[in-house]
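Dear colleague,

Please find below the structure that I am handing over to you, together with its sequence. My notes on what was found in it follow directly after.

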Amino acid sequence: MIRLEDIGSMEREALLDAWLEVFRTPAPKGLSQSMMRRFLAFEVQVQAKQGLSRQSQRALAKPTDKQAKHAATKLKPGGRLVREWNGVTHIVDVTEKGFAWQGRDWRSLSAIAKEITGAHWSGPRFFGLTKVAS
């Protein structure tokens with residue numbers, strides 16, 4: 001049984017043995033001693049409490065901003081995006097293979113946004129599919 005108070009003074013070899021005991025798998029190659037100590041300390045505490053608190057489980061179950069943004073960009077063929085830029089209205093159609101704009105097929109909205117603006121943009125953000133982080 002690994003004791004929390006012993007983790008801070010363990011040498012690398014002892015940390016590797018502890019990792020194997022706690023996680024039942026070898027430690028990832030190249031993982032620093034500092035990170036091993038952190039992971040081990042966390043896991044030892046979780047095991048002592050017989051699992052994560054309900055609050056922690058709920059927090060881990062919530063989608064991250066990245067997951068939420070990704071979900072917002074799942075567009076169905078037949079959809080249409082409209083964006084005005086410098087007085088010009090741009091209409092992008094969602095197709096089976098990607099997008100259609102100005103008679104050409106495009107694989108990404110970001111490429112279209114770059115073509116329209118001349119600068120690198122997140123395509124979904126340019127077309128208003130994601131929220132700006134506050």
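In what follows, a residue is called buried when its relative accessible area is under 20%, exposed when that value is over 50%, and partly exposed in between. Please bear in mind that this is a predicted model.

Overall architecture

The protein contains 7 helices and 4 strands. Along the sequence these elements follow the pattern α-α-α-α-α-β-β-β-β-α-α. Of the 134 residues, 25% are buried. The accessible surface amounts to about 10200 Å², and carbon and sulfur atoms contribute 52% of that area. Among contacts with a separation of 6 or more, 25% are between residues 24 or more positions apart.

Aromatic pairs

A pair of aromatic rings is described by the distance of the centres and the angle of the planes. With ring centres required to lie within 6.5 Å, the count comes to 7 aromatic pairs. One of them joins W19 and F39 in an edge-to-face arrangement, with 5.9 Å from centre to centre and 80 degrees between the planes. Because W19 belongs to helix 2 (residues 12-23) and F39 to helix 3 (residues 33-48), this pair ties together parts that are 20 residues apart in sequence. F39, at 39%, counts as partly exposed.

A further edge-to-face pair is formed by W85 and W121, with 5.8 Å between the centres and 85 degrees between the planes. This pair also links distant parts of the chain: W85 lies in strand 1 (residues 80-85), whereas W121 lies in the loop between helix 6 (109-117) and helix 7 (123-126), 36 residues apart. W85 has a relative accessible area of 22%, so it is classed as partly exposed. W121 is likewise partly exposed, at 26%. R83 lies over the face of F126, at 4.2 Å from the ring centre.

Which residues of helix 6 are buried? They are L109, I112, A113, I116 and T117. These residues cover an arc of only 120 degrees around the axis, and they therefore lie on the same side of helix 6. An α-helix has 3.6 residues a turn, so residues three or four places apart point the same way. The buried residues of helix 6 pack against strand 1, strand 2 (88-94), strand 3 (99-101), strand 4 (104-106) and helix 7.

T117, in helix 6, has a relative accessibility of 19% and counts as buried because the cut-off is under 20%. The side chain of T117 reaches the backbone oxygen of A113 at 2.9 Å. Helix 6 is followed by G118, which has a positive phi near 80 degrees.

H90 in strand 2

H90 is a residue of strand 2. The relative accessible area of H90 is 9%, so H90 is buried. What does the side chain of H90 make a polar contact with? The partner is the side chain of W101, at 3.5 Å. Leaving aside neighbours within four places in sequence, H90 is in contact with L81, V82, R83, W85, W101 and I116.

E11 is located in the loop between helix 1 (4-7) and helix 2. With a relative accessible area of 58%, E11 is exposed. E11 and Q33 are 22 residues apart in sequence, and their C-alpha atoms are 8.0 Å apart in space.

Yours sincerely

Terms used. Residues numbered from 1 in each chain as written. Predicted model: local features only at pLDDT ≥ 70, side-chain atom pairs only at ≥ 80, totals over all residues. Heavy atoms only, no water. Phe/Tyr/Trp six-rings, centres within 6.5 Å; stacked < 30°, edge-to-face > 60°. Helix = DSSP H or I, 4+ residues; strand = E, 2+ residues; numbered from the N terminus. Buried < 20%, exposed > 50% of the residue type's maximum accessible area, 1.4 Å probe, protein only. Lys NZ or Arg CZ within 6 Å of the ring centre and 35° of its normal. Polar contact = N/O pair within 3.5 Å; in protein donor to acceptor, adjacent residues only side chain to side chain. Contact = heavy atoms within 4.5 Å. Areas by Shrake-Rupley, 256 points an atom, 1.4 Å probe, with all protein chains shown as cover. Arc of directions from axis to C-beta.
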